[in-house]
Amino acid sequence: MVDLRKKPYYLTDEQISFVERQVSEMSVEDKIGQLFFVIGQDEDQVNLEAFCKKYRPGGIMYRPDAAEKIKREIGAMQKYSKIPMFVAANLEAGGNGIVNEGTRLGMPMEMAATDDPQAAYQLGAVAGYEAHQVGCNMSFAPIVDIDNNFRNPIMNVRTFGSDKNRVIKMSDAQVKGLNDNQIIPVIKHFPGDGVDERDQHLVSSVNSLSADEWMNSYGQIYHHLIEGGIPSVMIAHIMQPAWERKLQPGIEDKDLRPASSSQNLINGLLRKVLHFNGLAITDATPMIGYNAALPREELLPATINAGIDMILFNKNIDEDYEYVRQAVANGTISMARIDEAVTRILGTKLSQKVMNLAGELASPAPAVLDLKREEHEKIADKIATKAVTLVKDRDHLLPLTPEKYPRIRLYVLGDTDDGGFKEGGQVKDEFKKRLEAAGFEVSLYDRKHLDFHETFEEGVADVKKKFDLALYVANVETASNQTTTRLDWIHLMAADAPWFMKSIPTVFVSTANPYHLFDIPNVSTFINGYTGNRATIDAIMRKLTGKEAFVGKSPIDPFCGRFDTRL
């Protein structure tokens, strides 16, 4: 059974007796409910009291909504729950992960580009403060993955970069910021994303490192954070074949599993090798990467038996609960395994001050909502100033002034809501407005209404009559359920691609994916901003126009290991 005296719980004898008594008195239905981490329920669509009484979930995760509404919903769910719930959000880039009005401080890679752990601390602190204001008590962050593969479409700027030591340094700081604001950190995505070029939302992706390579990279990160007392780990739908083969010699390829249903990787690697005693939560189980492993009726019991304590999200919630009930009834899942998981859940809630010894919610949201947006936006400004990175300026085009380049043609790439759960919005209007305010005459390339002459017949002289400099802004964000973050030019003649860049000054700015030089290696000037928020756009404009120096340090190789991108 779980030793609640040890890390990460450190419970007293009185607290341990409370947990043991709770577990012994709970019904099987109550215990099964605690295993499920359900999706946030909308008061306009669901009777929250009836939902809590029927499903009795151990946790709930909310996507962003209006702050007052989220606060009201969370308060109601906690009121109607017999046992206080974990309330989580993806606090990856700021408080915008839980409330619409929250501060989008910046993506983790932007924090890393400052080379200052204080930026990562502020990421945790600002997100944590704003989340606590509405009753959230858990963050599905920090992301402790390593950005090993520039083709990976889901990690990218969501990471602290490709250096394990920087990842450790920044993760430590973010954890402290969350802790200081009463938010439980959940590190993810074990056993490590960023190696495969595929997305675990769509396939069971593979961390293909050897056992030694893994231990010297991802393993060091997890070991460090586990030794530091991290209370919870999110388990991904990612395979790690080398460690499965090391722990079970002779295992056949067909029996390899994503970590979320692998006894070798949870009870073996995570618990026995890395000595993690805390709470293990799956990543979202509607993902194809999860469901591709086994039939769901077999998969949910296999997941719990692998050492997982909580299952994130459902397909059909009634069906999922019934699968677990049947597995308990027929002995596929033992009551001892259920009790072990529930002990970890309650032990975490008690040690992390979600509930007290009276079984009540210990840290509700403040009575008066105050997000401190103005204060937090100033923090975002300071971070962006230190983060925006000049990768190259071969032809010394910078700074841009109306005297040198009075007419700018603005091309905006990406800038779409397509793809799941993106952090930001569109940047097109923001750049155009700021350029015009700086005195430039701006013509926006219209991707929806192509000009036949321009597309098929124009030459260099024609282009020079229309503009003096081409400014490309790519807001191609990482997102779930999309297979690439590469540049995707207009398919007809690559009509918006800079064929003229050796004849017309051309500057390329990325507000998201930092690896676009792979697709536009010959461009003269390339800048990475990492986040398409207001603060970063302002910082980019100041630096473009020479009002501020570039000081950001790239946390990854923006040249993608290629010689041609450096030319």
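**Reading a buried helix residue**

A: The model shown is predicted. Start with contacts: setting aside neighbours within four places in sequence, Ile 221 is in contact with Val 144, Ile 146, Lys 164, Val 167 and Ile 168.

Q: Where is Ile 221 placed?

A: Ile 221 belongs to helix α9, which covers residues 218–227.

Q: How is the packing of two helices described?

A: Two numbers are used for a packed pair: the angle between the helix axes and the distance between those axes. Here, helix α13 (residues 296–305) packs against helix α14 (residues 317–329) at about 65°, and their axes are 9 Å apart. The crossing of α13 and α14 is right-handed.

Q: Which residues of α13 and α14 meet?

A: From α13 they are Arg 296, Glu 297, Leu 300, Pro 301 and Ile 304. From α14 they are Asp 320, Tyr 323, Val 324, Gln 326 and Ala 327. Sorted by class, this contact of α13 with α14 has six nonpolar, one polar and three charged residues.

Q: Which residues of α13 are buried, and what covers them?

A: The buried residues of α13 are Arg 296, Leu 299, Leu 300, Pro 301, Thr 303 and Ile 304. Their cover includes β9 (279–282), α12 (288–291), β10 (311–312), α14 and α15 (335–351).

Q: What follows α13?

A: Gly 307 follows α13, and its phi is positive, near 115°.

**Reading backbone angles**

Q: Where else is phi positive, in a residue other than glycine?

A: Two cases can be taken together. Asp 115 has a phi near 60°; Phe 313 has a phi near 70°. Asp 115 is in the loop between α5 (108–113) and α6 (117–133), while Phe 313 is in the loop between β10 and α14.

Q: Are Asp 115 and Phe 313 buried or partly exposed?

A: Asp 115 is partly exposed because its relative accessible area is 28%. Phe 313 is buried because its relative accessible area is 7%.

Q: Which peptide bonds are cis?

A: Omega is the angle to look at. The bond joining Lys 188 and His 189 is cis, with omega about 10°. The bond from Phe 190 to Pro 191 is also cis, with omega near 10°. His 189 lies in strand β5 (residues 184–190), and Pro 191 lies in the loop between β5 and β6 (205–206).

**Reading empty space**

Q: How is empty space found?

A: A probe the size of a water molecule is rolled over the atoms, and this shows where empty space is left. In this structure, a search of the whole finds one cavity of 30 Å³ or more. The largest cavity has a volume of about 40 Å³.

Q: Which residues line the largest cavity?

A: The lining consists of Phe 150, Thr 485, Arg 486, Leu 487, Asn 513, Tyr 515, His 516, Phe 518 and Asp 519. By class, that lining has four nonpolar, three polar and two charged residues.

Q: How much space lies in the second largest pocket, and what lines it?

A: The second largest pocket holds about 360 Å³ of space. It is lined by 18 residues, and the closest to its centre are Gly 414, Thr 416, Val 476, Arg 486 and Asp 488. The residues of this lining divide into four nonpolar, eight polar and six charged.

Technical notes. Residues are numbered from 1 along each chain as its sequence is written. This is a predicted model: local features need pLDDT of at least 70, side-chain atom pairs count only at pLDDT 80 or more; totals for chains, interfaces and linings use all residues. Side-chain values use heavy atoms; hydrogens and water are left out. Axes are lines fitted to C-alpha atoms, for helices over the stretch in contact, and angles run from 0 to 180 degrees between N-to-C directions. Helices (H or I, at least four residues) and strands (E, at least two) are DSSP runs, numbered from the N terminus. A crossing is left-handed if the near helix is turned anticlockwise from the far one by less than a right angle, and right-handed if clockwise. Contact means heavy atoms within 4.5 Å. Ala, Val, Leu, Ile, Met, Phe, Trp, Tyr, Cys and Pro count as nonpolar, Asp, Glu, Lys and Arg as charged, and the others, Gly among them, as polar. Buried means under 20% relative accessible area, exposed over 50%, partly exposed in between (1.4 Å probe, protein chains only). On a 1 Å grid over the protein atoms alone, a cavity is a set of points where a 1.4 Å probe fits but cannot get out, and a pocket is an open set with protein on both sides within 12 Å along at least five of seven lines; lining residues have an atom within 4 Å of a point. Grid points are joined across faces, edges and corners, and a volume is the space filled by probe spheres set on the points.
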